Amino acid sequence: MCGFLGEISTSLLEPAAFKTLLDLSNQRGPDQQGFWQDEICQLGFNRLAILDVSTNGKQPILSPSGRYALVFNGEIYNYKKLQDKYCIHASSLRSTSDAEVLVHLLDHDSISEIAKQLNGMFAISIWDTVLKQLTLIRDFSGIKPLYYGCKNQQVIFSSQFDQVFKHPLFTHKKLRPDAMKSFFGLGYMHAPDTVFDDIYQVEPGELVVWDFNLKQILKKEKYYIWSVDEQHVDTDVNTKEAFNQRMRDVIKGQLQADVHLGTFLSSGYDSSLISAFAKQEQPSIKAFTFGVDGHGKFDERTDAKAYASILDLNHETATVKEADLLAVIDTHFKAMPEPFGDYSSIPTYVICQKAREFATVMLSGDGGDELFWGYPRFRASLKQAYWFNLPLWSRKIILPVLRRLKQQLPWGVQMNTRFEDWILNKQVHFSGLNSFMPKTNFTKSVYESYIYDGPLKKPEILQYLKKNEFYAHLQRVLKKVDLMSMAHSLEVRVPFLDKEMIAFSNTIKSGFTMHHDETKVLLKNSLYDFIPEEIVNKEKKGFSVPISSWLKNDLKTDFVSTILETPFYGAEHIDIKYLKILIDDFFNDKPTVDVWGLWHVYAWQKWAIHHKLI
């Protein structure tokens, strides 16, 4: 997938110091390393060779005019179409890589206009040697990370958070308590925030321009605008056929690679559908399934083998024991350049490790739940939203009475003032968070991503929930996959998050909880064209681990030592006494403690210790 580092300054780092920082992302691109600099800009690149694996595909790369210097991480799926559109003849290219086509485009059109046309997953950095301007562009889904730090009239930018905060410019770091609280509640750093002052993330679909002459950010522009134009009904057979054709086109575009490529195959609808379409385009493609011995509830191998047989897939499986997962926990934390608290990162780390044994590129089913209303939590949100037409005081009176009459009603409906507060709090997995950090709130950007000002009617709420999931919860999922796959130099592509598939999703009018009660009914109907409905496992399994048991047994000594016997990073912003009470309650099996929140704290400390912040 690659990784890059750049700095713009009148006092650039010495080459050895710059290389030390660049080497932090070696695992993102172990195949080739490249450097470029002028008097005020220095760029470095670690390449994972996917298209044109020869040295002709090395970066950094200059545009033919010499005006633009580019480092680019990711894949541009429509680069050949853009090459044709702008009449870039193959004879003018030294390689067959998308990066070279991209840098040629810069001499033909404005950066902003080019960004609007790109389809793929990418983090792009462009240095304009004439205007002395840096442009940073992140893909519209947020699949690839992009960080930058601005301080003392300098800017640092990279693929990894640690490459910025370990730069000498940030020797003296200042924690942001609001971003800390957002992390402890949600388990990841929500863009554009990071936990440090003056360091940011480029947001999904955003273009940022920093001007050397002004020594400041010149503009932030949303080059990708989420738009909805409902044309298709999700249960209509014509909608399914339109979806199938769109998916065929998307998969064909994402199978471009000059290295071994495969698919992840679970017992779920999304990965099975991706694998089925990929098989049509590339008959020899391998599918990969992972299982944990002794965890039948989460082991998807049996179902996946049945699907692979029906689809006639070249199928690989891998199995580990629970002890193997426990053994890699410390190693997996060391693969995190930023704080990250979703403990499903542990099996994801091992899955990617095993998949890398037979492929360099994998296709994943991520994004299907978000774009096609797949999460069960949508059901409660839709069916209970009307309560928020009533003031909170009245709900506090009415709902307890209805519960005594045996009606099943979510507690959040009588505990949150607004509908969007309820949706946000469903994603917060930290009991007592306001007692843990009583003096601050979440960041402004977190609240903004949950705002809803539409009517409390199901059609409008459905579209809100999809967009909210896309720009909120999905970002945590994508962060996990990026961190864990890059730890093993594995590129993971996400067909559901192709620009064309997102656009198609936004043409769909769903009848969920209005005309039917089936989540992602369109994807299911499409899959049944490949696999008989009667044998498809209807229960979503997913990858999970017995985290509560681990923290109380196998990991207890390290858990307690890491949190309570080690100086707490950012202790001035939290209530240590309350944290001790929370941990005591956890070990005493009090049901009010959410183990997710404790894992967030554990992961935070592990990150800080590994990076010598404490």
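Which residue forms a salt bridge with aspartate 270, and how far apart are the closest N and O atoms?

Author: A caution before the answer: this is a predicted model. The partner of aspartate 270 is lysine 520. Their closest N and O atoms are 2.9 Å apart. Side chains of opposite charge can pair when their charged atoms come close.

Glutamate 75 counts as buried because its relative accessibility is 5%, under the 20% limit. Arginine 493 is buried as well, with a relative accessible area of 1%.

Now take lysine 590 and aspartate 585. Their side chains meet in a salt bridge of 3.5 Å, N to O. Here the two ends fall into separate classes. Lysine 590 has 44% relative accessibility, so it counts as partly exposed. Aspartate 585 has 16%, so it counts as buried. There is also a network of salt bridges, which links Arg28, Lys144 and Asp482.

Glutamate 7 lies in strand β1 (residues 3-8). Its relative accessible area is 1%, so glutamate 7 is buried. Leaving aside neighbours within four places in sequence, glutamate 7 is in contact with Leu12, Leu13, Phe18, Ile40, Cys41, Gln42, Val155, Ile156, Phe157 and His167. Leucine 134 is 127 residues away along the chain, yet the C-alpha atoms of glutamate 7 and leucine 134 are separated by 9.8 Å.

Next, the nonpolar side. Nonpolar side chains tend to be buried together in soluble globular proteins. The largest nonpolar core here has 209 residues. The members that touch the most others are Phe184, Phe196, Phe243, Phe436, Trp599, Trp604 and Trp607. Helix α26 (residues 595-610) gives the most to this core, with nine residues. Take tryptophan 599. Setting aside neighbours within four places in sequence, tryptophan 599 is in contact with Ile329, Phe333, Gly341, Asp342, Tyr343, Ile346, Ile547, Leu551 and Leu555.

Phenylalanine 419 is in helix α16 (residues 419-426). At a relative accessible area of 2%, phenylalanine 419 is buried. Not counting residues up to four places away in sequence, phenylalanine 419 touches Ser381, Ala385, Phe388, Tyr452, Leu456, Ile461 and Tyr464. Leucine 218 gives another kind of reference point. Phenylalanine 419 and leucine 218 are 201 residues apart in sequence and 36 Å apart in space, C-alpha to C-alpha.

Ile461 and Tyr464 are among the buried residues of α19, along with Leu462, Gln463, Leu465, Lys466, Asn468, Glu469, Phe470 and Tyr471. Ten of the 14 residues of α19 are buried, so this helix is largely enclosed by the rest of the structure. The length of α19 (residues 458-471) also checks out: at 1.5 Å a residue it should span 20 Å, and its end C-alpha atoms are 20 Å apart.

Threonine 348 is in helix α12 (residues 345-355). At 10% relative accessibility, threonine 348 counts as buried. Beyond residues up to four places away in sequence, threonine 348 touches Lys480 and Met484.

Finally, the surface. Leu390, Trp393, Ile397 and Ile398 form a nonpolar patch there, with about 410 Å² of accessible area together. Tryptophan 393 is in helix α15 (residues 392-404). Its relative accessibility is 61%, over the 50% limit, so tryptophan 393 counts as exposed.

Back to your pair, then.

Technical notes:
Residues are numbered from 1 along each chain as its sequence is written. This is a predicted model: local features need pLDDT of at least 70, side-chain atom pairs count only at pLDDT 80 or more; totals for chains, interfaces and linings use all residues. Side-chain values use heavy atoms; hydrogens and water are left out. Patches are made of residues with over 30% relative accessible area and no salt bridge: like charges are joined within 9 Å, nonpolar side chains (Val, Leu, Ile, Met, Phe, Trp, Tyr) within 5 Å. Accessible areas come from the Shrake-Rupley method with a 1.4 Å probe; for residues, only the protein chains shown count as cover. A salt bridge is a side-chain nitrogen of Lys or Arg within 4 Å of a carboxyl oxygen of Asp or Glu. Helices (H or I, at least four residues) and strands (E, at least two) are DSSP runs, numbered from the N terminus. Buried means under 20% relative accessible area, exposed over 50%, partly exposed in between (1.4 Å probe, protein chains only). A nonpolar core is a set of buried Ala, Val, Leu, Ile, Met, Phe, Trp, Tyr and Cys residues joined through side-chain atoms within 4.5 Å. Contact means heavy atoms within 4.5 Å. The expected span of a helix is 1.5 Å times one less than its number of residues.
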